[in-house]
Structures are given as structure tokens and as C-alpha cells.
Amino acid sequence: MRVLSITAGAGGMYCGSCLRDNALAAEMMARGHDVSLLPIYTPTLTDERNVSGDRVFFGGISVYLQQHVPLFRRTPALLDRVWDNAAVLRTLAGRSLAAVDPQFLGAMTVSMLRGEDGFQGKEILKLVDWLRGQPPFDVVVLPNSLLIGLAPPLARALGRPVCCTLQGEDLFLEGLPPADREESLRLIRSHRDSVSRFIAVSDFYAGHMARYLGLPAERMRTVPLGIHAADEARPPAGDRPFTVGFFARIAPEKGLHVLAEAYALARRDGRLPPSRLEAAGYMAGEHHGYLEKIQAGLAAAGLAGEFRYHGVLDRAAKMAFLGTLDVASVPSPYPEPKGMSVLEALSCGTPVIQPRHGAFPEILERTGGGVLFAPGDVAGLAAAIVDLHGDPARRKALGEQGALGVRRAYSVGGMAEQAVRVYEEAAREAPVAAARP
């Protein structure tokens, strides 16, 4: 197949959606498919070989300027290339372009969802003009519903079906100011008939987003995540203390504060002997105070010396980190649609303790690599940590089952096979948006 896959760069952040899009495109290429992975906003950052194209469309600087300064909605494309240059975008990625707080992006989100009628309509024309010079595609794939405003013009210009991946955008939408959220939801629903297939990354998310966005069930499909499992053998524990770990973005929605409270509770009542709480993952500037509050709470409990934040880790360091944990948990308070870091921990033979919501129940049902607790139940999480600490044989069994389960149910090859089936299904149909109203 010849596939145009659009992926949304997240500035200087390792983004689960970018990692997923890149891994899928790379695997499809390895299987002989012709995939163009096209970044928008900023170049993508991945911890594996990056297969995305060099040119960035809807450059983050251009999108921002067109939103706020009317003059830039009419500047020639040649001039736009000055600030759309990938090197410029990459330089600025860790600064203003990395700000993704929905409270400040409501108006821009609405504008992008208006597509050709939004302030960034010129960017659509530039993209369409470039695509018309490319060999024909069999299918176009959008990375999330926040970009569904591209579906009508792309389907119309290319004459090919459009698929839309669903992989976590509801959290962003729920964070928008109320008026912008309602308008965004209205616009997404208005474009749904321009999409041939909606592709969710978990069964949970397929059902959730069908209800949340009012999507037609007959066009909803699930393609579970796929990851490259750890290659290294799990290192022996040796004499190191029992270690509880967290790997995800350092942000309230990922729940490090919940894990820290549970760890402190288990240590305070004496059920857990002196141990370690280790954390790693990207942290945006606005969340430094969040981490400092967690550290202050642990210090107040006399546990400052048992906690360490390792920062951002590349793939080798990430897998080494996960492989040294006795148990991992990402106790996100909201229903997580993907659970990529949980899959990575399981692939390293590390058992997990996860809240019983979102994609986590289906992940643990398919892999057998961990235990569930009631969402938000700090005492329940603490009890699960204590139980696994006291039962090394069970920890070992769960870790082995999890590692095998990830390789069986969440491989990159399996993800590619299922994605191709959905794309082929869509490609057999005529595009559903033939003309602009």
C-alpha cells in the first residue's frame, strides 16, 4: 500500500503518539509498504530510528503567527519557509512551541478544527499543493481527531479515503475552556462523515470515543499498540533494595503523586522496609512545582533519601531503568487510552500495578503481567506494593507472563498487520467527502 500518515510533533518531548506513529510507519516500510510519515507543527522526537520526512507542514511558528497576527495569513509561502525550516523549529521546540496547556490553546484548536475556514487555511493550501505533486496514495491517516479539519480538503483533493487515529486527545479537549471545548466537539462531529475509518489504540478507547464524539460504530476499529520489546536480559536483583518505579510524563494526569502517597503510606505503617521509589520521564517547565511538591511530601515523611527523579531517558537508558525495577506503576487518575510505558515495563519482565480503568484492564488481561486496584485508592495501591514485596515468586511469575504477553499481543508486527487490514478496508471504498459544501 501507499500510505500518507500525518504525525503531530510535540516539540522537544518524547510523545507516546509520535513513538507509536513512527514505529507503525517503520514496520510497514519494512514489510514493503510505501509510507510517507509527514510531521506537522514540529519535527518529531523518537527514541528509535526516525522515519518521518524532513519537511514540516503547519510549522508551529506559522500556525501561531497566523492565529494571532492577520498579516501572516497572507504572507507568501516562500517567506513562510524561513520560520518553517525544520532546524529553526527544532531549536525552538523546547521553548514556546512545547507549551501544550489546553487552557492557552483553545482558540487555536477551534481554528484548526475549522480547516479551510480557520486562520490556518493557507497551510492547508500549501499541503494540498505539495501532495498533488506526489504519486497517488491509497489512504490518508490523521494522527488524532484534533486534526479532523484536514479530512474534508484532503479527501476532496486526493480523492482517497481518510482514516483518523484516536489516541488520547480527550484529555486535551477536556482541559479546554468550556466554550472552546463545546465548539471543538461540535466541529469534530461536523467532520466525522469525511472519515472512512476511526482507529482507536485500545478497545476501551474505541467505546469511549464513540460515545464522547458521537462517532458511528460501524466505522470504528481497534488497532492495539505495538512496541519493540526489550532485547536485554533482566539483570539480577543482587543486593539492591526493593524498588518501586514510575516511567511516564511528570504531570498530574499520570499520577506520580498517587504513587508517592502510596509508597509513603506503606513505609509509614511499617509494612514495607526501607526501599526505593524511582521515577523518570519528560517534565514540562510548568510541572516543576508539581514535582517539588511530591518531593516535599516525601521529605516530610522522612523519605527524601529513598526517592530519585532520573529525568528524560533515551531508549537504552529507559529499558535499563525499567529492567532494574521490582514493580512499576503509572497510577493515572484519568482513564489512560494507551498505556505504552506499562507495556514497556512488562516487556522488561517488570510486573505492574495499575488502576482498574482505561486500557489497563485489557492490557493485563492479555498479558497477565500485573494486578489492578481501584482508581484513586491510595491504600489499595500501597497494599498491592506490600503484597508483591512479600511474594518474590509471584513477582517473578507476573514479570515472566507479562514479558511473554507483550510479545504475543502487543508486538509492532501485530500492530502493522492490523493497521494494514483497516487501511485496505478503507481503500476499497470511495472517499466519503466528495465536494465542499
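A cavity here is a set of grid points where a 1.4 Å probe fits but cannot get out. The structure is a predicted model, and a search of the whole of it finds four cavities of 30 Å³ or more. Helix α1 gives the most to the lining of the largest cavity, with four residues.

**Cavities**

- The largest cavity has a volume of about 120 Å³. Its lining has 15 residues, and L19, E48, I227, M340 and E344 are the closest to the cavity centre.
- Three helices each supply at least two residues of that lining: α1 (16–30), α13 (315–323) and α14 (340–347).
- By class, the lining of the largest cavity consists of five nonpolar, four polar and six charged residues.
- The second largest cavity has a volume of about 70 Å³. Among the residues that line this second cavity are V3, S5, I6, R20, D21, L24 and Y423.
- Eight nonpolar, two polar and two charged residues make up the lining of the second largest cavity.

**Second largest pocket**

- About 280 Å³ of space lies in the second largest pocket.
- Its lining comprises 15 residues, with R234, G349, P392, R395 and K396 nearest the pocket centre.
- Seven of the lining residues of this pocket are nonpolar, two are polar and six are charged.

- In soluble globular proteins, nonpolar side chains tend to be buried together.
- Apart from neighbours within four places in sequence, F58 is in contact with I40, Y41, V63, M112, Q120, E123, I124, L127 and L150.

**Cysteines**

- A disulfide is a covalent bond between the sulfur atoms of two cysteines.
- C18 is buried, with a relative accessible area of 2%.
- C163 is also in no disulfide, and the nearest cysteine sulfur, that of C164, is 8.9 Å away. C163 counts as buried because its relative accessibility is 0%, under the 20% limit.

**K126**

- Residue K126 is found in helix α6 (residues 121–131).
- Is K126 buried or exposed? K126 counts as buried, since its relative accessibility is 14%, and the limit for buried is under 20%.
- K126 and R211 are 85 residues apart along the chain, and their C-alpha atoms are separated by 34 Å.

Notes: Residues are numbered from 1 along each chain as its sequence is written. This is a predicted model: local features need pLDDT of at least 70, side-chain atom pairs count only at pLDDT 80 or more; totals for chains, interfaces and linings use all residues. Side-chain values use heavy atoms; hydrogens and water are left out. Contact means heavy atoms within 4.5 Å. Buried means under 20% relative accessible area, exposed over 50%, partly exposed in between (1.4 Å probe, protein chains only). A disulfide is a pair of cysteine sulfur atoms within 2.5 Å. On a 1 Å grid over the protein atoms alone, a cavity is a set of points where a 1.4 Å probe fits but cannot get out, and a pocket is an open set with protein on both sides within 12 Å along at least five of seven lines; lining residues have an atom within 4 Å of a point. Grid points are joined across faces, edges and corners, and a volume is the space filled by probe spheres set on the points. Ala, Val, Leu, Ile, Met, Phe, Trp, Tyr, Cys and Pro count as nonpolar, Asp, Glu, Lys and Arg as charged, and the others, Gly among them, as polar.
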